Amino acid sequence: MDRKQAEQMRSGKGFIAALDQSGGSTPRALALYGIPESAYSDDAEMFALVHAMRSRIVKSPAFRGDRVIGAILFENTMDREIDGRPSADFLWQERGVVPFLKVDKGLADTTDGMRLMKPMPGLDALLERAAKGGIFGTKMRSVIDAANARGIAANVAQQFEVGQQILDHGLVPIIEPEVTISIPDKAEAETILRDEIAARLDKLPEGVEVMLKLTLPEVANHYRPLVDHPRVMRVVALSGGYSRQEANQRLAQNGGIIASFSRALTEGLSADQSEAEFDRVLSEAIDSIFAASCAG
């Protein structure tokens, strides 16, 4: 673990940019950016376009480590270059932004109100490449669609089991059991989730740290016990479908939690904007998310 990067993640002011849209979510991300599916004919063209979008974001003067302390990349982005340098190297050396990597392969079918992660048979090889490529940590997402105690226990168990595999490679896992914001029993699910995570954290050995990425809760400071847990390096929040304004409002009410927004970060950006307009819109977004991340 890079000590300077670890300290930035533990206590740095700012937030984590989620630039990790994968094959399933990339068409929507491009559409919101003003690039329709008719603009590309295959995955290679699609990924080239989204890499150009991500490169434009991270090369913007607004995107720097005194505001954006980390960024989550998709595997395809890690394997590409920005201005002739590997993406992870560019982020850290040129922007002072700690690089993370999304490692999950998508969601399995629903069981007990959960969408768990699909199997990841090539995970060890991917983690080896990530460690050699300057990646600090990883992110993996599963989904909670109901306040089902058995299902949430299985969800958290899977997250921590894969998390241990990641820790074994010297990387810091971001554990992300997302609670869907539209479910009627969201608050109940969040209580079960908090307690399950706390129980798993209590079993980690001394000196081991993980990060948590959680949906903004219905009750402010609901996750404070996790923020204060000695095995937690940082708790970050996903925007989860909330508008940037609502996500920022909710985030500001939760002490010790910083943002890790994706769609809410890129809201308002467009491929046909001039560089000056693009930088202005991105700067306003970054400043607002930074302020909400520091408010608690």
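**View 1. A71 sits in strand β2.** Let's start with A71, which lies in strand β2 (residues 68-73); strands here are DSSP runs of E with at least two residues, helices are runs of H or I with at least four, and both are numbered from the N terminus. This is a predicted model, in which local features need pLDDT of at least 70, side-chain atom pairs count only at pLDDT 80 or more, and totals for chains, interfaces and linings use all residues. Residues are numbered from 1 along each chain as its sequence is written, and side-chain values use heavy atoms, leaving out hydrogens and water.

**View 2. The surroundings of A71.** A71 counts as buried because its relative accessibility is 0% (buried is under 20% relative accessible area, exposed over 50%, partly exposed in between, with a 1.4 Å probe and protein chains only). Leaving aside residues up to four places away in sequence, A71 touches I16, A17, F63, L91, V97, V98, P99 and F100 (contact means heavy atoms within 4.5 Å). L19 is 52 residues from A71 in sequence, yet their C-alpha atoms are 6.6 Å apart.

**View 3. Helix α3 and its start.** A side-chain oxygen of D42 comes within 3.3 Å of the backbone nitrogen of A44 at the start of α3. Among the buried residues of this helix are M46, F47, V50 and H51.

**View 4. The chain as a whole.** Stepping back, you will find 12 helices and 11 strands in the chain. Buried residues make up 53% of its 296 residues. Of the chain's contacts with a separation of 6 or more, 73% join residues 24 or more positions apart.

Technical notes
A polar contact is a pair of N or O atoms within 3.5 Å; within protein, one must be able to donate a hydrogen and the other to accept it, and residues adjacent in sequence count only if both atoms are side-chain atoms.
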